[in-house]
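Hi everyone, thanks for making time this morning. I'd like to walk you through a structure, so let me put it up on the screen.

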Amino acid sequence: MKIKDLLNKKRLYIDGGMGTLLQKRGLSAGELPELWNLTHADDITDIHLSYLKAGSNIITTNTFGANSIKFSNLKEIIPAAINNAKKAIELFDGNKEECFIAFDVGPLGRMLEPLGDMPFQKAVEIFSESIRMGAESGADLIIIETMTDSYETKAALLAAKESCDLPVFVTNAYDETGKLLTGASPKAMIALLEGLGADAIGINCSLGPHQMKGIAEEYLKYSSLPVIVSPNAGMPRTENGKTVFDVDAEDFSLVMREVAEMGAAVLGGCCGTTPDYIRATVDKTKKLPFSPAQNKNLTLVSSYTHAVEIGNDPILIGERINPTGKKRFKEALREGDINYIVNEGIAQQEKGVHILDVNVGLPEIDEDEMLVKSVKELQSVLDLPLQLDTAKKSSMEKAMRIYNGKPLVNSVNGKQEVMDEILPLVKKYGGVVIALTIDETGIPETAEGRKAIAEKILKECEKYGIDKNDIIVDPLAMAVSSDDNSAKITLDSVKLIKNELGLKTSLGVSNVSFGLPSRETLNAYFLSLAFMNGLDCAIMNPFSDAMMGSYHTYMALMGKDKSCAEYIDFFKDFAPVQAKSASTVKTEDTDENPLIRAIVKGLKEPSFTEAQKALQSAEPLEIINTQIVPALDKVGKLFEEKKMYLPQLLMSAEAASRAFDAVKSVMKDSGLKESKKIILATVKGDIHDIGKNIVKTLLENYGFTVIDLGKDVAPERVLEAAKKEKADIVGLSALMTTTTEAMAETVRLLNEELPQVKTVVGGAVLTKEFAEKIGATFYAKDAMETVRFAQQ
Amino acid sequence: MKNNPVILRTSSCEEIIPDKKMALRFMGCKELSDSLEEVYEKSLEEYKKAALFKAVYKKSSVTFFGEKGIRFDFGEIESSDLRKNLEGCSSAFIFAATSGSAVDRLILKHTRLSPACVMVTDCIASSGIEVFCDLINDEMKKGRKLKPRYSPGYGDVSLSCQNDILSFLDAYRKIGLTLTETYLMTPIKSVTAIVGIEEENQ
């Protein structure tokens, strides 16, 4: 019988620890255990055999760290490891039919981008290489284990799915806070792994059986897949100078019996456990009744930290990351201004949305690249799940591939062509798909007609094996101004689709009010009605107080807001307030212009309002030249005279850029323009970019065009950018003594190929002498010096 | 080679409060203006929510060879600076600590939002990890006379020994600490160090 069938028929047992047993057989602290597959094959076979005798059905190969980062002879190690396991099964005199070899895959030991330097795709390739060898050598399944990062787990699982047809088990290692090291909750991991098509999922390592029980409970509550539990033999502790684990085989098996009774389908052990632990566990659990995993019927989307469950309380999806009808947003997209997009995301998160829609499509830009970049950047700083919103298949595929979690996919509809494009992606990468009730014939005018399209999409999803819970129907809100019945049809459709098809629903709410006055009022009431009719998700503008008010009111009235706490909190700012004193600057010092004063003091919002006030009596350019620039000069001088410190200088820079924002909003072009173009980079090998970012802030403030190449930038890339952008100046930063070599190389390359380009270098370990030695044009001891140099 | 035990410690920011004086020193300030004070308080609150401190340490033997060679249980280092630091020691604690990846994300977030805030947060985070290291240092000190802790990358100790140190401590599995290709640590607010043991009364 195949292991996939067996998973639904009986409880299975994985083996226990390998490391502890190898150490007993003489593996020393610095030695690589994987090499023992070659040098001590009999020992490895013997350990596998001892686990089979103890009752394990699944033995995991000694390949935890067998990847190309650590080994150059994988072609020898991996087949040998599989062979050692095969030999153990040959020697075993029990039921060989139910013994399986799991090719063991552990973490790479490197952090993926954006936190580390390993690109996601490279991690997929490294995992694929090992897994392919494991599968070709004859493994029965793949076990991905001890993963402490959701993104790396995704890379490994994707690699397994792409490089073999074997079943894949995945277990993650949680710490005592109940989260992965990079923050994911069990529910977030369940969403991600179910979406990507794992066959069994669970937990291993880090904790003992007692500490693991709570996490096991969560897995069993939310997972529709069989759950694996493989704890350590308790927590490590020191006794007479030796590491010992505090739970013995008997205690271990007692807890494992409880775990089995709770419903875990696969039991095993990790660090510190031995065949005795497995034997005791098998003895205590083999006679317990077994029930296969049940579909929990949950609709889950996730980020790298948490899952959002759709179907209980209404979910708000922020719609603001979308260029439609937004001039400034389009401009940001054309300029590749990712900061603008990220800021839109953070602002919506602060308003309380649960999910962010991300649409960065514009005819004149490369949408594939932009969507991938936006998703990466958004996910590097905020933890809301994202709704990937594009009509382009290639953009959707690329974004789904690199997304860290299980996304919402916006969207599919009843057109065969669109279903053929999008549904395979949903199946492969995992996601919850928004299904619009429109097809080749248009949008039906009745609720029944829209339900029929939803049914058609549902049937098509079944063909691909996409779970019903991973479909959310959007029955489309249309402008009530063009058809008196349109809002009612939409509301009826929500109810009908929910009640009769059992599918969740979503609506882009604001469409309803097109062409009518006081749109917010209409939107807000429509939102309440939609919720009352069972709407699960609203795509909306969280900056609309009326709609947010409608949401909070609904929650309070429906008993979904304990003690009306959220309602009270939301409306507390709506009480009549005194004019905020902070928004204007008191001008005790009458000699000084209030805008200059606000900038010098580093007051952001007052700088904005003072600039707006100034615009009433002066031209934009005049304000820039007589107020903002003098304020910056004053700040610069104070800094140079050491009367002001760097953080204060930065506060002033931020205040000045707010003043620029106010002034630029009424200008045709951006006004203050230094003609010089400056490229900035932190050199190869260095990831400290705080200093470079400070220099960038100040240069931009002074009107220079800055192209920021980021950190860890290779010399060739700096040269290429300097050529392409026709840069006047290249600024390089290095913080480590070890990376000054890369700086020297970059300067040498620039001097050789582009002698007309000036170079300015800086960073904690640099000196004027070093700068001269490597041939740089200028050494800047701080950010202001760079500005002064650029001004020359 | 002896298999010495690995000691693991975890603390939240309720126990570890970043030292304001130290943070200010990192910023190059003596005092904060009112508007900066506000930024400091806000950043500190966010930092406290993000930081989760973890440390591992393990004892290693120390022997000297050649002119500036030092042999540890994890490998060898050539350095006259570290050798001077370890003079008279026959063992040392090898030590690694981190404040976790949520701090990295917090710093990344402010990089997008506010340069002043990112600088303040960065300095708070540097101070936080130092305070935590001091705490672990005190724990190691019990009944021993220790040398000042010495981190790779200082003086003539190359960063390339980081790999051996992290493997020796199993730092990835224990505390989630990893290296980039150029031996820099992620999470970025992390410390590795060698702490010589001069005398031990045990």
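In chain B, 57% of the 202 residues are buried. Keep in mind as we go that this is a predicted model. The elements of chain B are seven helices and ten strands. Its radius of gyration is 18 Å, close to the 17 Å that the globule rule gives for 202 residues, so chain B is as compact as a globular protein of that length.

As for charge, chain B carries 28 positive and 29 negative side chains, with the centres of the two sets 3 Å apart.

In soluble globular proteins, nonpolar side chains tend to be buried together. Here the largest nonpolar core has 156 residues, and A:Phe127, A:Ile131, A:Ile144, A:Tyr219 and A:Val229 have the most contacts inside it. Apart from that one lies another core of 87 residues, including A:Leu649, A:Phe789 and B:Ala97. Going back to A:Ile144, its contacts beyond the neighbours within four places in sequence include A:Val105, A:Leu157, A:Val168 and A:Phe169.

Helix 11 of chain A, residues 275–285, is worth a look too. Among its buried residues are A:Tyr277, A:Ile278 and A:Val282. The buried residues of this helix pack against several elements of chain A, including helix 4 (41–54) and helix 10 (249–262).

Last, some backbone geometry for those of you who check torsions. Most residues other than glycine have a negative phi, and most peptide bonds are trans. Which peptide bond is cis, with omega near 10°? That is the one from A:Glu113 to A:Pro114, and A:Pro114 sits in the loop between strand 3 (100–105) and helix 6 (120–136) of chain A. A:Asn410 and A:Ser411 are also joined by a cis bond, with omega about 15°; A:Ser411 is in strand 16 of chain A.

Then there is phi. A:Leu476 has a positive value near 70° and is buried, at 14% relative accessible area. A:Lys726 has a positive phi near 50°, but this residue counts as exposed at 64% relative accessibility. Thanks, and please jump in!

Methods
Residues are numbered from 1 along each chain as its sequence is written. Chains are lettered from A and ligands numbered from 1 in the order in which they are written. This is a predicted model: local features need pLDDT of at least 70, side-chain atom pairs count only at pLDDT 80 or more; totals for chains, interfaces and linings use all residues. Side-chain values use heavy atoms; hydrogens and water are left out. Helices (H or I, at least four residues) and strands (E, at least two) are DSSP runs, numbered from the N terminus. The radius of gyration is taken over C-alpha atoms; the globule rule is 2.2 Å times the number of residues to the power 0.38. Buried means under 20% relative accessible area, exposed over 50%, partly exposed in between (1.4 Å probe, protein chains only). Lys and Arg count as positive and Asp and Glu as negative; His and the chain ends are not counted. The place of a charge is taken as NZ of Lys, CZ of Arg, CG of Asp or CD of Glu. A nonpolar core is a set of buried Ala, Val, Leu, Ile, Met, Phe, Trp, Tyr and Cys residues joined through side-chain atoms within 4.5 Å. Contact means heavy atoms within 4.5 Å.
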